Amino acid sequence: MYLPEQDLLPPLDRWLALAFAPHRLEETISLMHTAQSDTAPAPSAKDVSRVVADCDTKLARYRDALEAGADPKVVAGWIAEVQARRAEAAA
């Protein structure tokens, strides 16, 4: 389906101007908040420590695999995944 921008923008601009008008701002924000999906609670420090420790264990095993002659390209992919997960948990 093709919808020319010139046909979409005027009604969209009118709708946005109405939704964010000063007298409707509180209602609009409330509706936006209600529409958000529930987010998971932040992980506890214990959970983060467990994930970081698990990642460190995996990284040590990957190093052992490299020293035993595993394919460096394959192990590099594993390392990148675990390092990303570790960084996410630490953040």
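This is a predicted model: local features need pLDDT of at least 70, side-chain atom pairs count only at pLDDT 80 or more; totals for chains, interfaces and linings use all residues.

User: Then how does Trp-78 count, and at what relative accessible area?
Analyst: Trp-78 has a relative accessible area of 37%, so this residue is partly exposed.

User: And is Tyr-62 buried or exposed?
Analyst: Tyr-62 counts as buried, with a relative accessibility of 17%.

User: How many aromatic pairs are there?
Analyst: The count is one aromatic pair. The ring centres of Tyr-62 and Trp-78 are 5.2 Å apart and the planes stand at 45 degrees, so the pair is tilted.

User: Which parts does that pair tie together?
Analyst: Tyr-62 belongs to helix H3 (residues 45-67) and Trp-78 to helix H4 (residues 72-90), so the contact joins parts 16 residues apart in sequence.

User: Stepping back, what is the secondary structure of the protein?
Analyst: The protein has four helices and zero strands, giving the pattern α-α-α-α along the sequence.

User: What about the radius of gyration?
Analyst: The protein has a value of 25 Å, whereas a compact globule of 91 residues would be near 12 Å. Along the principal axes, the C-alpha atoms fill a box of roughly 65 × 40 × 15 Å.

User: How much of the protein counts as buried?
Analyst: Of the 91 residues, 12% count as buried. The protein exposes about 7700 Å², and carbon and sulfur atoms supply 60% of that area.

User: Last topic: how many positive and negative side chains are there?
Analyst: There are 10 positive and 14 negative side chains, and the centres of the two sets lie 8 Å apart.

Methods. Residues are numbered from 1 along each chain as its sequence is written. Side-chain values use heavy atoms; hydrogens and water are left out. Helices (H or I, at least four residues) and strands (E, at least two) are DSSP runs, numbered from the N terminus. The radius of gyration is taken over C-alpha atoms; the globule rule is 2.2 Å times the number of residues to the power 0.38. Buried means under 20% relative accessible area, exposed over 50%, partly exposed in between (1.4 Å probe, protein chains only). Accessible areas come from the Shrake-Rupley method with a 1.4 Å probe; for residues, only the protein chains shown count as cover. Lys and Arg count as positive and Asp and Glu as negative; His and the chain ends are not counted. The place of a charge is taken as NZ of Lys, CZ of Arg, CG of Asp or CD of Glu. Rings of Phe, Tyr and Trp (its six-membered ring) pair if their centres lie within 6.5 Å; planes under 30 degrees apart count as stacked, over 60 as edge-to-face and the rest as tilted.
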